[in-house]
Amino acid sequence: MSARTPNIVIDTNVFIAALRSRKGTSFELLSRIDTEEFQFSLSVPLVFEYEDVAMRMLSDLTLDQQDIEGIVDYLCLIAHKQTIFFLWRPLLKDPKDDMVLELAVNASCSHIVTFNIKDFAGTEKFGIEVITPKMFLELLEDTP
């Protein structure tokens with residue numbers, strides 16, 4: 001992986017969107033997660049968040065509990081696992097967004113991939129770009 005390879009955190013809303021439909025940019029992003037195009041970082045709190053939200057939404061998904069557990073286990077296997085050493089809270093309105101920001105800062109991520117860009121106002125001071133899945137995939141396409 002080169003020094004220019006993006007390191008990202010995927011917000012829970014993008015993870016859930018990928019589980020809901022195989023047609024969107026969120027699914028495309030997750031389907032490329034085990035490539036050399038980018039690095040994906042996870043923390044224990046974010047893993048719990050992914051699993052908790054997905055399990056609560058089982059009735060809206062075509063997946064069952066075992067499917068969710070398998071997907072989360074796979075993400076844990078391939079992700080860069082980051083321990084959180086510094087707490088930046090409260091910086092954002094939602095404590096769960098602060099959790100995503102803490103991971104991004106501690107893992108030296110270049111991007112947070114989310115549909116809720118406005119919820120991450122103020123993160124630019126950490127040198128982290130907040131971007132939608134579509135914008136991130138376009139960035140990958142533009143990278144030589």
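Q: At 2% relative accessibility, does Phe-38 count as buried or exposed?
A: Buried means under 20% relative accessible area, exposed means over 50%, and partly exposed lies in between (1.4 Å probe, protein chains only). Phe-38 has 2% relative accessibility, so Phe-38 counts as buried.

Q: What pLDDT do side-chain atom pairs need in this predicted model?
A: Residues are numbered from 1 along each chain as its sequence is written, and side-chain values use heavy atoms, without hydrogens or water. The model is predicted: totals for chains, interfaces and linings use all residues, local features need pLDDT of at least 70, and side-chain atom pairs count only at pLDDT 80 or more.

Q: How many aromatic pairs are there?
A: Rings of Phe, Tyr and Trp (its six-membered ring) pair if their centres lie within 6.5 Å. Planes under 30 degrees apart are stacked, over 60 edge-to-face, and the rest tilted. By this rule, the number of aromatic pairs is two.

Q: What is the geometry of the pair formed by Phe-15 and Tyr-50?
A: The ring centres of Phe-15 and Tyr-50 are 4.4 Å apart. The angle between the planes is 15°, and the pair is stacked.

Q: How many residues apart in sequence are the parts that the pair of Phe-15 and Tyr-50 ties together?
A: Helices (H or I, at least four residues) and strands (E, at least two) are DSSP runs, numbered from the N terminus. Phe-15 lies in helix α1 (residues 12-20) and Tyr-50 in helix α3 (residues 44-56), so the pair ties together parts separated by 35 residues.

Q: What is the geometry of the pair formed by Phe-38 and Phe-136?
A: The centres of Phe-38 and Phe-136 lie 5.4 Å apart. The planes are at 85°, and the pair is edge-to-face.

Q: Where does Phe-136 lie, in the pair with Phe-38?
A: Phe-38 sits in the loop between α2 (25-31) and β2 (39-42). Its partner is 98 residues away, and the two link distant parts of the chain. Phe-136 is in helix α6 (residues 133-142).

Q: How many salt bridges does a search of the whole structure find?
A: A salt bridge is a side-chain nitrogen of Lys or Arg within 4 Å of a carboxyl oxygen of Asp or Glu. One of them joins Lys-118 and Asp-119, with N and O 3.6 Å apart. Across the whole structure, the count is six.
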